[in-house]
Amino acid sequence: MSATGIGAAVRRKEDHRFVTGMGHYTDDINRPGQAYAYFIRSPHAHATIKSIDAKAASTMAGVLAVLTGAELAADKIGNLICGWMIHSKDGSPMKMAPHPALASGKACYVGDPVAVVIAQTLAQARDAAEKVKIDYGVLPAVSDPAAAQKRDAPRIHDVAPHNTIYQWHLGDAKAVEAAFKAAKHVTKLDLVNNRLVPNAMEPRAAIGEYDTGSGAFTLWNTTQNPHVARLVIAAFVGMAPEHKLRVIAPDVGGGFGSKIFIYPEEVVALWAAKRVGRPVKWVSERSEAFIADAHGRDHVTHAEMAFDADGKIIGLRAKTIANLGAYMSTFSSSVPTYLYATLLSGQYAIPQIYCEVDAVYTNTVPVDAYRGAGRPEATFVVERLVEIGARELGKDPADLRHKNFIRSFPHQTPVIMTYDTGDYDASLKKAMELADYKGFAKRKRESARHGKLRGIGLSTYIEACGIAPSQAVGSLGAGVGLWESAEVRVNPTGSVEVLTGSHAHGQGHETTFAQLVSDRLGIPIENISVVHGDTDKVQFGMGTYGSRSAAVGMSALAKALDKIEAKAKKVASHMLEAAEADIEFKDGKFSVAGTDKSAAWGDVTLNAYIAHKFSGQELEPGLKEGAFYDPTNFTFPAGCHICEVEVDPQTGNTEIVAWTAVDDFGVLINPMIVEGQVHGGIVQGVGQALYERAVYDKDGQLVTGSFMDYCMPRADHLPVLKVETTLTKCPSNPLGIKGCGEAGAIAAPAAVINAITDAIGTEAIAMPATPAAVWTALQTSGRSMPHAA
Amino acid sequence: MAAVSLTVNGKSVTADVDPRTLLVQLLREHLRLTGTHVGCDTSQCGACVVLVNGKAVKSCTVLALQLEGADVLSIEGLAPADGPLHPMQEAFRENHGLQCGYCTPGMILTAVDMVRRKGHELDDHTIREELEGNLCRCTGYHNIVKAIAAGARAMGSGAAKRAAE
């Protein structure tokens, strides 16, 4: 392994600009003559828009325009879409309500953009916004997903009776019924997977610009997938033909899924730019983000696990109501279906699984993928059932898992996924050793002596990542393929530019992708640059989410590098006057087998472009190759996280005293970056388990509307995290990579809640397990005093 | 509009501003120093931290007009443009204390202020407590804490060397 190749903890190339404040985030960019947009958003969860009077506002200082849904429709701007078709059990398609970028006729959630003010300065836009008079006809609202389907619930969209978007299922209901009939023991669980606000530290932003002379638009946007944004805004929203729209995602400050989707604001920024003849910039405020960015999770689930007399799991069934909010966001339909139910086998050989999912509209912010997207929800169901099952059966939770692990691969689950490879025993064993699982009883007694309740919780998770094989997802309703692209441009002087369809918003691709190139071509990492995020520079790519950039993006790069190597060898063979088959390439040097004739990388690359040593008819000049890589399967990272907590029964406060993570991500490109991804994911998962919840009142008002009321994890909430890995190589891509970005967020919530329920001796606790919630659970269960083991 | 004169990163600056202008807006919009970031609107996140007269201040929570005569240091002023990185910046890079980089300028300046107040030997507990006013969504804080401990020590060894000369 070289110092800058695969497996090396190379320090990041992109860091220099970030630690010196020289990054270029979207709000750092200013276009000549730019004007500013301020959105007027509905203060009501559900209301008709009777009239909008912008007369006074329009005449205020600096105001260029006040625009509404009426102007949008008159200009024939199309609606936003959900790009994944899901069918109900009865075969009917999902009920996708029209979603214009500015509300038309009625507002459906607090935050629904109703109008926009464009002015010379942001202050002028905000001042004018206050003078826009909107007459609303307030309607009853529903925010709870279970209540949304009731007969007396207000109907939000004409297309969806009972606010039901689809009623989907997966698995063999009859076979599962039979399994449960034969069961010796059934564990039941009712749970809520709490609604979260992603809150990347950089708020969303968009700058739209229109060049009248060429009829071309440019959009600077905080997007995780500029080409997808371009395709949707061109082909579906109809803003411009695709080749007349350039989308640039500069430095982006975190995404976690929330910046995948195509939102109203970028559509409006482009449209307004053309109307007012000036670039238009919009930057979200944080409390605006709370009501404008897609939220995550929000499932209500009843789940059951059937065991035989030996503690083997013989069946699992679940019924979930998934709240998708007021409109269907870009990938919303897929998250509680094909990204959720397909992981309900967990790491276990469960022969029969059946899952029903009802997706509903409510008068809340639209819900879509957020780190883990469906897999944290699945893991929470499975890992809570297994842990509770173990307690009910009087078995050690680690032993019960061990008894049920899948050990033979490939393993076809009853829920579509075929796991390719894994060693769940290895990660469980290593995690238990590192966490000193055996010594827990002693630590528990010690804690009790200090008046504290100590608990330990496991989470043996699995995820489907490296999203995804195009035909497979196409057959499941995806409107897009999920391959990835890479182009390698070798310059005459030997430096290399990688143009990748992947996008980095914290993942360090400028370093990791360069490591792969350095490893393969044997050239210094300083001579490699990685370009992403600009649709004018980079050919179509699907972007970054679903832990796919290494597994899919780098596989595309590997294929392109194969082609580069092949072509370079051809050039070298001409230079060295040898047969192509005799050319060997190692550590940046081309040599003729069995001789001491060689040519350095830089000489070969120069020759490729000077083209003196070969005939242009035989061999094209230049050294540039591209590749599109379509995965043959999902990848299946998996592992074991162990959380140890101390609960103070007097205050209900939970302190996480230890965290052990052992993950199998296949081959690692940069272990330092992988560890960082696990850290971040764990803390987001802990956030869900202990601190975070987007709360709506019965009128659909978002009560947790800013960082004042929505508790974000802070540095003093966590101990030092022990993070290690095991390795089974992924067999389905050339690099053996499984991916790691979401693992922590997927594993963590179950580990935390398993630990807390172990500590307090009752299962009746919901996320977030705040001090108030834990204290109440203790009081209610009557177990307010610590008991010695 | 009202005038304010102050020093920013060692340079004298005079600006005519709308009285509502926040210090962060003065830096980002008037002076085009975009390294200081806005991450929230309730003074919680710390992405906007700069040093005012040597002390960490959230520039989103102070009006530009309050800075008359003040000495402001933003992230751009921490190290010379083409020179070596400040030891705290170097420590963040060395310890992978950043991912998307958005909270990083605020974290680094908070850390520099932390060292001024708490010294060069900062333990885990102290650093984590002192970061209560800084949010990060990417790193889980783990490597930020490592970076600050390392940066604090590096800042100390530099000073000790200079004192000895």
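Residues are numbered from 1 along each chain as its sequence is written, and chains are lettered from A in the order in which they are written. Because the model is predicted, local features need pLDDT of at least 70 and side-chain atom pairs count only at pLDDT 80 or more, while totals for chains, interfaces and linings use all residues.

**Stop 1: two helices of chain B**

Select residues 87-94 of chain B, helix H2, and residues 104-118, helix H3. Helices (H or I, at least four residues) and strands (E, at least two) are DSSP runs, numbered from the N terminus. The two helices pack at an angle of about 125°, with their axes 10 Å apart; axes are lines fitted to C-alpha atoms, for helices over the stretch in contact, and angles run from 0 to 180 degrees between N-to-C directions.

Next, display Met88(B), Gln89(B) and Phe92(B) in H2(B), which meet Thr104(B), Ile108(B), Ala111(B) and Val112(B) in H3(B). Residues are in contact if their C-beta atoms, placed from the backbone, lie within 7 Å.

**Stop 2: where the chains touch**

Show both chains: 47 residues of chain B are in contact with 41 residues of chain A. On the chain B side, H2, H3, helix H4 (124-130) and helix H5 (142-164) each supply at least two residues.

**Stop 3: helix H15 of chain A**

Select residues 509-521 of chain A, which form helix H15. Of its 13 residues, 10 are buried, meaning that 20 or more other C-beta atoms lie within 10 Å of the residue's own, with C-beta atoms placed from the backbone. Among the buried residues are Phe513(A), Leu516(A) and Val517(A). Their cover includes strands E20 (496-500) and E21 (528-531) of chain A. Gly522(A), with a positive phi near 65°, follows H15(A).

**Stop 4**

Most residues other than glycine have a negative phi, and most peptide bonds are trans. Find the bond from Phe409(A) to Pro410(A), which is cis, with omega near -5°. The bond from Met767(A) to Pro768(A) is also cis, with omega near -10°.

Then select Ser547(A), which has a positive phi of about 50° and lies in the loop between E21 and H16 of chain A. Finish at Tyr141(B), whose phi is near 70°; Tyr141(B) is buried, with 27 other C-beta atoms within 10 Å.

Definitions and conventions
Two residues are in contact if their C-beta atoms, placed from the backbone, lie within 7 Å. The expected span of a helix is 1.5 Å times one less than its number of residues. A residue is buried if 20 or more other C-beta atoms lie within 10 Å of its own, exposed if 12 or fewer, and partly exposed in between; C-beta atoms are placed from the backbone.
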